[in-house]
Every structure is written in structure tokens, then in C-alpha cells.
Amino acid sequence: MFAKLILKRGKSAKGYDREKISNETSFLGFISNIIAAALKVILYIFTGSISILSDAVNNITDCVSSIIAILGIKLAAKPKDKDHPYGHGRLEYLISLVVSGIVLSVGFQFLKTSVGKILHPVTISYPKSTLAILLMTVVIKFWQASLYSKVAKEIDSVTLMAQEKDSLSDTLITSVVIVSIVIEKFTGKILDGYVGLIVALFILYTAISLIYETISIILGRGLSDETKHEIKSKVSTYEGISNVHNIMVTDFGPDNIVVIIDAVLDYDLTLEEAHNIVDKVEREVSAILGIRLIIHPEPRGSGSKIINSISRDLRKIVRESLNIYSFHDIVLEDKKIFIDIDYNGDLVKKREEKDTLKKEIIDKLKSIYPDYEFEIKLDAIF
């Protein structure tokens, strides 16, 4: 209900207002985290349980995360300026790293404290209301995770996705605490330190996973195979476009993903005709997929006899090699010919292997066309 209301409030004719939606979602998360943390702190005061305290502090770090998320999304939504011509969208990823770092530090702290409780166990007396209160916090955190999930999917927010995972981990952590209290009540075994250790390890795992995922995006993780296939399929449906390849991605933030592709057009099109085809495809596919598509056109065929001849020989070289997928962008300048080669990036990895592959191609071409110089650019395909 709350997710639908927030999305409805943040929707306009131009689409979703990501800043408004994210802020309202994070604020609701902040309020629910305050409630959950306060309930557990009260329980800790009456019990002295390290597992309950670690769970409470974990919720408090979630409050901090919500505040950071609100500030981060606000900063990320700042418009482009002279110093940042592509906007400030990547701040959202940096904020996600900060949130993950806070969770990581909390995990290490409680790892240390829990080990101390294992070495020096203390008998704990739990009030009758303990289980009821903890179950209430589980319901709160599960609702919170559901809220984050629904909103994050609609607006593609990495920060909210991170908070969703954190909320789900919290429901599991509190559930483990509940189970340990029940076992301790019926068996008399003191499990507080061990459960605190489990909670700490889970917090560390969650933090490391979030850090890895966010760093992967910042380093240029690229698009999933499904998204690449979708882009190729949609672009290839347009008349005049064929052989879509070499997809490159630059991520300036969830609202500013630039995708550059190579596509083949007939060589005898006029510049105006080629421009009109490319402009139409870029405009329409960008609107459908929510990206900024840029197409680099390449000619199919050539008016040059030497380029057509080299193309035929290159096709033979590709067929005979397991390491070469295809070629494109054959350009003749005086007596020098530039060629882009797509190779198997899973098999050819080391610099020496790339140099060897490049030399093999050049030697084969030089043996056929001794009067020409060749420069090969290798593009890895994975």
C-alpha cells in the first residue's frame, strides 16, 4: 500500500521523480528502523543480552543508512554543471559504499564482543514479553524489505536495493535470536554469545556483498546478457540496420546510462540517409529502454576493390581461427589499412597472447598484400 502511494505521489507526465520517491521511501524506512531499534534496546536493558543488543545496533545503523541515503540521493539528483557535465548520478553508488562500510564496521565490532561472550558466558533472564516484541520487529523489517523492493524495482535504485537486502538480513538475524532464546529456555544452554557471533558474521557477509556489487558497478560491470540481447534485438528490427555488435556501456548513474554500439548500414547510403536511420533508432530505442543509445555506423560493402578483397580474405582467416570472432571497420588511408578484430577474450588474456594473435593476422595479410601496411585493433568479446 505504502509503495503504491509513494510511487503514485512521485509520478508525473515525465516519469518518476526518483529523488522524491527515494526520499519518502528512505524516510519511512528510518521511522520503522527507529521503532525496531527502540524496542530491542528496551529489551537489552532488561536482559543484558549481547545478541539482542547487536540486533538493536544493527537496526540503528540502518537508521544512519536511511539518513545517508536521503542525503546521497539528493546530491546525486543535482543537475549537471560545468565541472560535472554528466551530472552527479554516481554519488548514489558512492553513498551505497558508505552505507556498506558502516554495516561492515558494526559487524567487526560485534564479532569481537560475541567472542568475549562465548569465552565468558553469562546467564540471562528473559521477560515473558521478549518473544512477542522480537516477533513484532520481524514483521516491521519484513514489511520494510517489501517496501524497498517494490520501489527499487520501479525506479532502479541501487541504494534502495542495498537497503532491501539489509532489511531481509535483519529479519533472518532477529529470527535466529528468537530461536536461540527458545532453545535456551527449554535446555538451559547459554547461546547468547554464539548467536551474537552468527549475527556478526551475517552482518559482515551482507556488507561485503554490497561493497562488491557497488564496486563492480563503479568499475564498469556492464550490462547483463539479457539486456545486451534486448538492445541488439530492438536495434536490428529497424530497416537499414544489421550486424549490431561491440556494445560499450558508461554508467553515470541509474538515470544516465550511455550505451554505445556498432551497427552496419549499406555503404552506398548518402550521409543524410544514414544519419536519419541512426537518429531514429537512437531516439526510439533510448526511450523504450531508458538509456542513452549512441550508434557508430559501419559500412556494409565498399566501393573499394582492395577493401572488398581484404574482407574476403579476413572471412577466411576468421573461419580458420578459434580465437577470432569477426572483423569490422576496415579503413584505407594511403597504403595503410586499419582493421578492428573481435577476439575471444576468455581464451586470449595475456598481453603476449594478444600480441601473438595480432602478429599472426598481420603476417597472413602481408603475405597476400605485401604493398600495404596493416594496423590491427583488438576488441575482446566475452
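Student: How many bridges join strand 4 to strand 5?
Tutor: Helices (H or I, at least four residues) and strands (E, at least two) are DSSP runs, numbered from the N terminus, and two strands pair if DSSP finds at least two bridges between them. Here nine bridges join strand 4 (residues 257-266) to strand 5, and the two run parallel. Within strand 5, glutamate 298 is the bridge partner of valine 264. This is a predicted model, in which local features need pLDDT of at least 70, side-chain atom pairs count only at pLDDT 80 or more, and totals for chains, interfaces and linings use all residues. Residues are numbered from 1 along each chain as its sequence is written, and side-chain values use heavy atoms, with hydrogens and water left out.

Student: In what order do the three strands form the open sheet?
Tutor: The order is 3-4-5, with mixed pairing. Strand 3 (242-251) and strand 5 (292-300) are the edge strands, each pairing on one side only.

Student: Which strand gives the most to the lining of the second largest pocket?
Tutor: Rolling a probe the size of a water molecule over the atoms shows where empty space is left. On a 1 Å grid over the protein atoms alone, a pocket is an open set of points where a 1.4 Å probe fits, with protein on both sides within 12 Å along at least five of seven lines; lining residues have an atom within 4 Å of a point. Strand 3 gives the most, with five residues. The lining has 28 residues, and among those nearest the centre are Asn246 and Ile247.
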